[in-house]
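Open the model in your viewer and keep the sequence panel in view. The stops below say what to select and what is found there.

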Amino acid sequence: MSRTPLHPTREQIELPMVLDCLSDPIRLTIVYQLAQQERVSSELCCGDFNGLAGKSNLAYHFAKLRECGVMQTRVAGTNRFMRLRREDLEARFPGLLDAVINSAAKDADRLQLLSGCDVVDAESN
């Protein structure tokens with residue numbers, strides 16, 4: 001049994017699935033935080049989001065983001081590292097991810113995107 005999670009190909013990423021996935025506040029927060037960390041590190045570990053929700057709840061949201069093609073998960077030992085599939089999303093839906101992230105940044109306080117989510121500073125690792 002392979003431990004590598006399944007990801008859709010670029011061509012299999014569908015707009016309705018992506019939009020539905022990003023409509024959830026927790027998943028939007030995960031995407032927002034991944035985008036914020038791209039300047040420092042392209043990946044975050046699933047444990048970096050522990051302040052956002054419980055482990056099983058996060059696992060569910062990570063799977064949804066992976067299955068719709070927004071995020072890629074890499075397994076290294078017992079760790080799972082996530083990154084945005086920015087190139088694939090940009091190729092399929094130009095400007096969509098940036099528009100979502102910019103909109104989320106403008107509404108971060110109202111959406112409470114930062115509260116309760118203590119993402120570890122990748123430079124300190």
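Begin with helix H3 and select its buried residues: Leu58, His61, Phe62, Ala63, Leu65, Arg66 and Cys68. Buried means under 20% relative accessible area, exposed means over 50%, and partly exposed lies in between (1.4 Å probe, protein chains only). Helices (H or I, at least four residues) and strands (E, at least two) are DSSP runs, numbered from the N terminus.

Some notes on the source: this is a predicted model, in which local features need pLDDT of at least 70, side-chain atom pairs count only at pLDDT 80 or more, and totals for chains, interfaces and linings use all residues. Residues are numbered from 1 along each chain as its sequence is written, and side-chain values use heavy atoms, with hydrogens and water left out.

Now show what lies over H3. The cover of its buried residues includes helix H1 (15–22), H2, strand E2 (71–76) and strand E3 (79–84). Just after H3, select Gly69, which has a positive phi of about 95°.

Move to H2 (residues 25–37). Of its 13 residues, 10 are buried; among them are Arg27, Leu28 and Thr29. From first C-alpha to last, H2 reaches 18 Å, close to the 18 Å expected at 1.5 Å a residue (the expected span is 1.5 Å times one less than the number of residues). At the start of H2, find Asp24: one of its side-chain oxygens comes within 2.9 Å of the backbone nitrogen of Ile26.

Next, select Arg27. Beyond its neighbours within four places in sequence, Arg27 is in contact (heavy atoms within 4.5 Å) with residues including Tyr60, His61 and Leu65.

For a contrast, select Glu87 in helix H4 (residues 86–92). Glu87 is exposed, with a relative accessible area of 65%.

Last, colour the chain by pLDDT, the predictor's confidence in each residue, from 0 to 100. The chain averages 82, and 85% of the residues score at least 70. Over residues 115–125 the pLDDT is below 50, although this stretch has 21 contacts in the model beyond near neighbours in sequence. Where pLDDT is low, the predicted coordinates should not be read in detail.

Definitions and conventions
Polar contact = N/O pair within 3.5 Å; in protein donor to acceptor, adjacent residues only side chain to side chain.
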